[in-house]
Amino acid sequence: MGRKVISLILAGCMTFSVLLAGCGNKNEAPDSTPQTSTETSTTAAAKPVSIEYWQYFYETKVNLMDELIKEFQGANSNITVVQKHFPYDSYQQKVAAAVSAGSGPDIINLYYGWVPKYVKSGTLQQLPEASFSAEKIESTFAPMVKVNKIDGKYYTVPTAVRTLGLFWNKDIFKANGLDPEKPPKTLEELVEMAKKCTKIENGKLEIEGLTFQPSGQLHSWFRPVLLKQFGQEPISADQKTVQWNASENGYKAFEFLVNLAKVDKVGEKDFFTDDSTAFISGKAALHIDGSYRLGSLKSQAKDLNYGVTVLPSYNGVDTSFGSFWTNGITTNATGDKLDASVKFLEYLTSTEVMKTWTQKIGEIGARTEIANDPELLKDDKLAPFIQQLPIADSYFYVDEDADRKALMDAIDKVLLNNVDPKQALDEATAQVQKLLDEYWGK
Amino acid sequence: MKLSIKGRQSMWAYIFISAPMLFFLCIRIYPALYAFNVSLHKWDLLSKNKPFVFLDNFMDLFHDQVFKASLINTGKYILFAVPIGLALSLGIAMLLNSITKGASVYRMVVFIPYVTSIVAVSWVWRWMFMKQGGLINNVIGLFGISRQPFLDSTSQAIYVVISNIIWQALGFYTIIFLAGLKQVPKTYYEAAMIDGASPWQKFKNITIPLLNPTIVYLSVMATIQTLQVFTQVFNITSGGQGIAGGPLNSTVSVVLYIYQLAFVNYKMGYASAATVILFIIILTISLFQMKVLDKKYDN
């Protein structure tokens, strides 16, 4: 009997402790993601310090970062940089979870459109004046980085940026009697050529003249590019008022956009899954996309005979949309860690690293001097993107997903439910204004 | 300490049951209750302070057009998927019940959709109903019907999703109905036959009343499952880069919207408030169904 009672108590204890273990463990690392760290022998000269760098998983970026870290550690033997990466789909969730638990990285790579959110939540700290003053950033970096100036302060700085360009399929051009070496230079030419290349058989679209994918890059072509070209600034200078419909010009820009699908019928939403797939499969003559698409075209469409040029101009306005992944220092980094983080960030944004980045990743180094680098301009596919560096503009999002969804819905309303374009644009503008008001605490 | 044999046995039973009970409390009950707490805060995952806002989240929800759309859509899912699904599966079950040769083969064929992966089937549906080059459009084209937009239409997309929900759940309902039908004593039908009852009278006066517990169980189950529909909507009607819910939110369901609020926008408080509302709806519907449908039949 005694033995039974003891075994009983033991069993109870075991059950309970197992359960406690299951419930607790709040302080443990959130997961065991692949880590890459390169240990270096620390010298006695400076106190050894270890910092963590996070980015999403993009193979070439992760590999290049490993190399860069190795080089950086060679020059700064007391600093160890640990790179952690997560799949893109869960990246934001991981960051949000880690940050709210008070753990997480010292240096973090974020999409520029997420930065306002992270600044507001107090995750990022202002970049130190000594190394990254506002004047210094604005005089050396591409003008698009100004989008992330919040209340006059900078919290992040990018290594590389991307601009939008116009891709065209030379074979489709030739088949439709167009000069395969002469892409459209203006919006009028763009529509005209797109119409010529569009092929519809028995009411079924066979070849798209111009891709039309609101969830793709179409929305970034509209704001800021089309809006500016039609004579309407998309957002007020203080970034507090949406101005898509502030003048007749705004409506005209939106009508031009929806009419591509509604009247000119040169493209269709979800044709061949999406815009880039259609272009890669040779089913689209013209396609607007970012420089990052060059990589997938290289690997997935080896035989595609295509060219790249700058975005078509209108009303004499030449511009492009710029977007970027940018690096910030979190509030986790203090003392020695902060100093090391700043050093690492300085290294990541040096001209040398930018050049390597441009060549290996296909994103363009963020310093304006890159736009004049003869070596980089030699690549005829990359050159149009680089040329647009000084004229490209970004667009201020407080919630990128919701902003994009508002515009996508406006386009759907016009195309699917025959809503008046003006009304659709008004509704979208009101929706986005609400997001901005919420952000600025009105 | 002396315990009777019975006492000792039940003590062991309690000890063993305490393990899953504790687990259940920690993993399911506690977080569920905690959600009520979260729903009363402005709980932004990213921000460090999470202020108490009492019922503000609920107030916002009442003015939220997308939440309203998600409620209406979820209503549509239930209104169409549950009665049609149950009626179809009852019909199939009765057919299966009346055959003897190869019954198991047919049963298996009917049950297979239920054990296939929802995600895989959803993508098959998505491809079948594609506007460009989708199978369904090609087939109806042969009959001279013009191409339909299906998933690209604000009025049609939801029915594509409903058809998928019905198809997938059919096998499960059928098997349960079949089990119910097997319980009905043959003698009742024989007696009815002698009295000269028509097949419809037999169905109305014998099958339905005796099958009532099964019907109650299945309609409660089906309603709750459909209230929580997510996977099908997410996979069939996700547009472009991860924004699901069909064109102009025409297919978004309550659970999908909750997911978007919580894990895309990180508004945990607001999402929890929506969860609380969903909980109340499920509770009400379940209680109502059990009361109304569970009538006792006196023979």
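Predicted model: local features only at pLDDT ≥ 70, side-chain atom pairs only at ≥ 80, totals over all residues.
Setting aside neighbours within four places in sequence, A:Ala194 is in contact with A:Gly209, A:Leu210, A:Val266, A:Ala285 and A:Leu286. Within chain A, at least three residues of the core come from each of domain 1 (35-162 + 323-393) and domain 2 (164-320 + 398-440). In soluble globular proteins, nonpolar side chains tend to be buried together.

Strand 9 of chain A, residues 204-210, is mostly covered, with five of its seven residues buried. On one side, strand 9 of chain A pairs with strand 8 (residues 199-201) of chain A in the antiparallel sense, over three bridges. In this pairing, A:Glu201 stands opposite A:Lys204 of strand 9. The two strands form a hairpin with two residues between them, and in the turn A:Asn202 has a positive phi of about 50 degrees. Strand 9 of chain A also pairs with strand 10 (residues 284-290) of chain A, here in the parallel sense and over two bridges. A:Glu208 has A:Ala284 of strand 10 as its bridge partner.

A further pairing involves strand 11 of chain A. This strand, residues 306-309, has a covered face made of A:Tyr306 and A:Val308, and an uncovered face made of A:Gly307 and A:Thr309. Strand 11 of chain A is joined by four bridges to strand 7 (residues 156-169) of chain A, and the two run antiparallel. Within this pair, A:Val308 of the covered face is the bridge partner of A:Phe167.

These strands may now be placed in the chain as a whole. Chain A contains 17 helices and 14 strands. Of its 442 residues, 46% are buried. Among contacts between residues at least 6 apart in sequence, 74% join residues at least 24 apart. The mean pLDDT of chain A is 88, and 90% of its residues reach 70 or more. Over residues 18-44 of chain A, however, the pLDDT is below 50; beyond near neighbours in sequence, that stretch has 28 contacts in the model.

Chain A is divided into domain 1 (35-162 + 323-393) and domain 2 (164-320 + 398-440). Their C-alpha centres lie 30 Å apart. Where the two domains meet, 19 residues of domain 1 are in contact with 17 residues of domain 2. On the side of domain 1 that touches domain 2, helix 4 (115-120), helix 15 (383-387) and strand 14 (392-393) of chain A each supply at least two residues. By class, that side of domain 1 has eight nonpolar, five polar and six charged residues.

A:Ala46 and A:Asn109 are 63 residues apart in sequence, and in space they are 27 Å apart, C-alpha to C-alpha.

Methods. Residues numbered from 1 in each chain as written. Chains lettered and ligands numbered in written order. Domains from an automatic or database assignment. Contact = placed C-beta atoms within 7 Å. Buried ≥ 20, exposed ≤ 12 C-beta atoms within 10 Å, placed from the backbone. Pairing = 2+ DSSP bridges. pLDDT = per-residue confidence, 0-100. Nonpolar A, V, L, I, M, F, W, Y, C, P; charged D, E, K, R; others polar.
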